[in-house]
Amino acid sequence: MRISEKTKISQIIKENPEAIQVIASINKHFKKLANPVLRKLLAPRVSIADAANIGGTTVEVFLEKLEEIGFEIDNSKKTKIEDLTIKQEFKMENINKEKLVELDVRPTIEAGNDPFKSIMEAIKVLPDDKTLLIINVFEPIPLINHLKEKGYESKTERPEPGVVNTYFRKSLQISDETLPEIEKTELNDFELAVSEYGENIKTIDVRHLEMPEPMVTILQETENLPEGHALFVHHKRIPQFLLPELKKREFIILSHELDENNLNLLIFKKK
């Protein structure tokens, strides 16, 4: 497999599971990839360039380590240096310390759990004039990118070794209307759309999974979805946090509600 700094960590691990241990040897923070939940959540979102930024190392170190276990390096896909760094949107001196809401996610991560849900709950109730401080052990690049699309500016600092503080502040008013919507369809139309894919459809059931496993599972399945295929999902409810991710990947979602606890989704790309 040929890889570059743009290759997603999930693709590398899928190709060779031994890569988990190799990546973990680069930086102790990457040992968390051994946790299935965190691996499924982070790996599809993080490229080699992102991971190098998170771990405070270089892309070259990553590529050299992976080359040692059989990966081929594609040097034609060079990323500009400025593209590897997330621009900081505001200065530390502009942060009002009296209007900070602090959330330390280190215990959650150390326990092998995903802090995404608690972070998004904190964001949901964050007053417009307040700043959310996330205390972590690495720079949460996927989270920064996710919240930037929702209108939040960020600033990261490292007050001491092993501690990363990331500040989030709303830069513009975001309403629920900005969230992509699932196209609701009548049963006949939904079944017609399903029938168009014939055998080129994969069915999964995420109703029994605890958060954030439904979102993680669906993202992983869409990543591996062959061209011209669709994903049929049995879900409990409309996955609001998943919609922006699928929209970025240019997927279309149709839905048909069976009852208040059962929803069928059809996820596909335009033919």
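Here is a short chat about K170 and the sheet around it in a predicted model.

Visitor: Hi! Where does K170 sit?
Guide: Hello! K170 belongs to strand 6, which covers residues 163-170.

Visitor: Which side chain does the side chain of K170 make a polar contact with?
Guide: That would be D128; the polar contact between the two side chains is 3.4 Å.

Visitor: And what is K170 in contact with, leaving aside neighbours within four places in sequence?
Guide: D128 is there again, along with G151 and Y152.

Visitor: Which residues of helix 8 are buried?
Guide: Helix 8 runs over residues 141-149, and its buried residues are I141, P142, L143, I144, H146 and L147.

Visitor: Changing topic: what is the strand order in the open sheet of four strands?
Guide: The order is 3-4-6-5, and the pairing is mixed. Strand 3 (100-104) and strand 5 (152-160) are the edge strands, each pairing on one side only. On average, neighbouring strands in this sheet are turned by 20° against each other, ignoring direction.

Visitor: Do strand 3 and strand 4 pair in the parallel or antiparallel sense?
Guide: Parallel, over five bridges, with strand 4 spanning residues 131-136.

Visitor: Which residue in strand 4 stands opposite L103?
Guide: I134 is the one opposite L103.

Visitor: Nice. Which strands does helix 7 touch as it packs on the sheet?
Guide: Helix 7 (residues 116-124) touches strand 3, strand 4 and strand 5. The direction of helix 7 makes about 165° with that of strand 4.

How values were computed
Residues are numbered from 1 along each chain as its sequence is written. This is a predicted model: local features need pLDDT of at least 70, side-chain atom pairs count only at pLDDT 80 or more; totals for chains, interfaces and linings use all residues. Side-chain values use heavy atoms; hydrogens and water are left out. Helices (H or I, at least four residues) and strands (E, at least two) are DSSP runs, numbered from the N terminus. A polar contact is a pair of N or O atoms within 3.5 Å; within protein, one must be able to donate a hydrogen and the other to accept it, and residues adjacent in sequence count only if both atoms are side-chain atoms. Contact means heavy atoms within 4.5 Å. Two strands pair if DSSP finds at least two bridges between them. Axes are lines fitted to C-alpha atoms, for helices over the stretch in contact, and angles run from 0 to 180 degrees between N-to-C directions. Buried means under 20% relative accessible area, exposed over 50%, partly exposed in between (1.4 Å probe, protein chains only).
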